[in-house]
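Let's take a walk through a protein chain together. Have a look at the picture first, and then we'll go from the overall build down to single residues.

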Amino acid sequence: MIERGRVAVVTGGSRGIGRAIAFRLAAEGANVAICYRSDDAAAEETARAIRDAEDLQCELFKGDVASPEDVKALFNGVHEMFGRVDILVNNAGTTRDNIMLRMKEQDFDEVLRTNLKGTYLCTQAALRPMVRARWGRIVNISSVVGLVGNAGQANYAASKAGVIGFTKSVAREVAQRGITANVVAPGYVETELTGKLPDKVKDQIRQQVPTGRFAEAEEVADAVAFLAGEAAGYITGQTIAIDGGMTMQ
Ligand code: NDP
């Protein structure tokens, strides 16, 4: 459970998995600040739905997680609005897939910039109030691709593996200050993106998953909510794969 009134920042919370996370944290009693980059309509729809469902605040902040200026504005805004940051979910992410021989430098840079630098900037900004409060929960969204790699996604795999090493290091730095940092690594999740895959490809993917199905975004959100809650204070530096058993060893 999350103590009522805690403040959660969810990057990329306007749609997809981030939207499910924002909903879940609000349902647990957190006020939520959602950061998104471009899709105003999706963000407004998410915020409206959360406000309608829960008697809590949900505020929107538009900006790029990889821009130091935008991240500063985001956390200044959250401070003005709520006066605290208790939970940070670094969920904003992007892909620019191609095989290594064809991958363009800008596609490598853009994926590392959003997925890894964005996580660094938001973590650093959130840690200051968390250290002052001697309480905090950071949950970073990686991917099973960061654990086992994927042909055509070397940039994405590097960024998501980077998130895991980054999280472990931060977890060690702040472990004695009441702050935890963990990773959730989803496998294939039912989202707009995976919904567009041809049925044949979806069937091939299902065959690789011991549970024989994709995850629902809500199942990822459940794990995030647990790690963000009061009960998870002794769990830090861990990576939890929500992947139907794909990467079990
Ligand atoms: P979506 O593409 O559905 O949503 C991405 C979200 O991130 C949107 O809210 C988008 O805002 C925001 N965003 C993207 N780039 C930036 C940026 N530079 N600054 C601020 N916000 C940004 O993603 P998913 O829900 O599919 O994925 C969420 C996370 O889960 C990602 O980190 C992804 O790598 C990871 N993941 C997803 C899996 C899947 O199967 N879908 C599997 C494993 C991991 P806007 O729409 O306004 O641009």
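What radius of gyration does the chain have, and does it agree or disagree with that of a compact globule? With 249 residues, a compact globule would come out near 18 Å, and the chain has 17 Å, so the two agree. (That radius is taken over C-alpha atoms, and the globule rule is 2.2 Å times the number of residues to the power 0.38.) Keep in mind that this is a predicted model, where local features need pLDDT of at least 70 and side-chain atom pairs count only at pLDDT 80 or more, while totals for chains, interfaces and linings use all residues. Residues are numbered from 1 along each chain as its sequence is written, and side-chain values use heavy atoms, with hydrogens and water left out.

Now for the overall build. The C-alpha atoms fill a box of roughly 50 × 35 × 35 Å, taken along the principal axes. Inside it, the chain forms nine helices and seven strands; these are DSSP runs numbered from the N terminus, with helices being H or I of at least four residues and strands E of at least two. Buried residues make up 51% of the 249 in the chain, where buried means under 20% relative accessible area, exposed means over 50%, and partly exposed is in between (1.4 Å probe, protein chains only). Take the contacts (heavy atoms within 4.5 Å) with a separation of 6 or more: 74% of them come from residues 24 or more positions apart.

Next, zoom in on helix 3, residues 68-82. (The expected span is 1.5 Å times one less than the number of residues.) Which residues of helix 3 are buried? They are Val71, Leu74, Phe75, Gly77, Val78 and Phe82. Seen down the axis of helix 3, the buried residues fall within an arc of 155°, so they line one face of the helix; the arc is that of the directions from the helix axis to the C-beta atoms. They pack against strand 1 (7-11), strand 2 (31-36), strand 3 (58-62), strand 4 (87-90) and helix 4 (105-133). Over on the other side of helix 3, Glu69, Lys72 and Glu80 are exposed. Just after the helix, glycine 83 takes a positive phi of about 75°.

Arginine 102 sits in the loop between strand 4 and helix 4, and it counts as exposed because its relative accessible area is 58%. Lysine 117 belongs to helix 4 and is partly exposed, at 36% relative accessibility. Leaving out residues up to four places away in sequence, lysine 117 touches Ala66 and Leu112. Arginine 134 is in the loop between helix 4 and strand 5 (136-141), and its phi is near 55°, a positive value in a residue other than glycine.

Finally, find serine 159 in helix 6 (residues 154-174). Is serine 159 buried or exposed? It counts as buried, because its relative accessibility is 0%. Apart from neighbours within four places in sequence, serine 159 is in contact with Val111, Leu112, Asn115 and Leu116. With asparagine 115 there is also a side-chain to side-chain polar contact of 3.1 Å. (A polar contact is a pair of N or O atoms within 3.5 Å; within protein, one must be able to donate a hydrogen and the other to accept it, and residues adjacent in sequence count only if both atoms are side-chain atoms.)
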